[in-house]
Amino acid sequence: MPLETEARAELRALVADFAPNDGQLMAALHRVQHRYGYISREALEVVAEQLEMFPAHVYGAASFYDEFRLEPPASTTIRWCSGPACRLENGNGIRDAMLAVLGFDDLGERTDDGRIEMVNGQCNGTCEQAPLVWVERPFEHERRVVGKLTAAEAIRITREIRDGESIDGGHETVF
Ligand code: FES
């Protein structure tokens, strides 16, 4: 039995109401990720214990779905929409301008200090805002849609994020 650390006790309390083997694995993983922004190795173990499943099975589910993170997120994630409507509105140009400001070669990279990452995103139906990015601050449970971007605006916003300023514009949502 692993040592009962404070973190482990907190995890245990977080998933305590899930009954063993009741098919709520996805719900349990979502709850952990929502709370911590990712699913740690320890969290995988605790979920497995709570649901009375093999840890390898829980790990397999968590690693299969893109929506789950197994590493801590950056404090700011720029999620670029790769959907067709955004691409038609110069989405690729927006992406390249933002990558250049951050000094990245491609999506999926993170700044050396770990503060900012830029990742690929999927259309979620808000195409009237194309081309857009989502600026996410997972530790604050904040997600901002920044749409109808021009290349110049994309550069300005990325500089503000890089320089630690709050960004101007967009609509804030809580997740
Ligand atoms: S294509 Fe980007 S939001 Fe739909």
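This is a predicted model: local features need pLDDT of at least 70, side-chain atom pairs count only at pLDDT 80 or more; totals for chains, interfaces and linings use all residues.
Residues are numbered from 1 along each chain as its sequence is written. Starting at the N terminus, the order of elements is α-α-α-α-β-α-α-β-β-β-β-α-β.

**Overall layout**

- Taken along the principal axes, the C-alpha atoms of the protein chain fill a box of roughly 55 × 30 × 25 Å.
- The chain is split into domain 1 (6-64) and domain 2 (76-174); bounds like these come from an automatic or database domain assignment.
- Going by C-alpha atoms, the centres of domain 1 and domain 2 are 30 Å apart.

**How α1 meets α3**

- Helix α1 covers residues 6-14 and helix α3 covers residues 41-51; they pack at an angle of about 45°, with 10 Å between their axes.
- A quick note on those numbers: axes are lines fitted to C-alpha atoms, for helices over the stretch in contact, and angles run from 0 to 180 degrees between N-to-C directions.
- That angle makes α1 oblique to α3; angles under 35 degrees count as roughly parallel, over 145 as roughly antiparallel, 65 to 115 as roughly perpendicular, and the rest as oblique.
- α1 passes α3 in a right-handed crossing; a crossing gets that name if the near helix is turned clockwise from the far one by less than a right angle, and is left-handed if anticlockwise.
- On the α1 side, the contact uses A7, R8, L11 and R12, and on the α3 side E42, A43 and V46; residues are in contact if their C-beta atoms, placed from the backbone, lie within 7 Å.
- Sort the residues of this α1 and α3 contact by class and you get four nonpolar, no polar and three charged.
- For those classes, Ala, Val, Leu, Ile, Met, Phe, Trp, Tyr, Cys and Pro count as nonpolar, Asp, Glu, Lys and Arg as charged, and the others, Gly among them, as polar.

**How α3 meets α4**

- Helix α4 spans residues 55-64, and its axis comes within 9 Å of the α3 axis, crossing at roughly 120°.
- α3 and α4 are therefore oblique to each other, and their crossing is right-handed.
- L44, E45, V47 and A48 of α3 make the contact with P55, V58, Y59 and A62 of α4.
- Seven of the residues in the contact of α3 with α4 are nonpolar, none is polar and one is charged.
- In the loop between α3 and α4 you'll find E52, which has a positive phi of about 55° although it is not a glycine.

**How α6 meets α7**

- Helix α6 (residues 91-102) and helix α7 (residues 151-162) pack at about 30°, and their axes are 9 Å apart.
- Here too you can check the handedness: α6 passes α7 in a right-handed crossing.
- From α6, the residues G93, I94, A97, M98, V101 and L102 meet A151, A154, I155, T158, R159 and R162 in α7.
- By class, the contact of α6 with α7 has eight nonpolar, two polar and two charged residues.

- Strand β1 (residues 76-81) runs parallel to strand β3 (residues 116-121), and six bridges pair them; strands pair if DSSP finds at least two bridges between them.
- One spot to look at is C81, which stands opposite G121 in β3.
- Strand β2 (residues 109-110) is antiparallel to β3, and two bridges join them.
- E109 has M118 in β3 as its bridge partner.
- β2 and β3 form a hairpin with five residues between them, and G114 in the turn has a positive phi of about 80°.

- Strand β4 (residues 133-137) and strand β5 (residues 142-146) run antiparallel, joined by five bridges.
- E136 has R143 in β5 as its bridge partner.
- Four residues lie between the strands in the hairpin of β4 and β5, where H141 takes a positive phi near 55°.
- P131 sits in the loop between β3 and β4, and a cis peptide bond with omega of about -10° joins A130 and P131.

How values were computed
Two residues are in contact if their C-beta atoms, placed from the backbone, lie within 7 Å.
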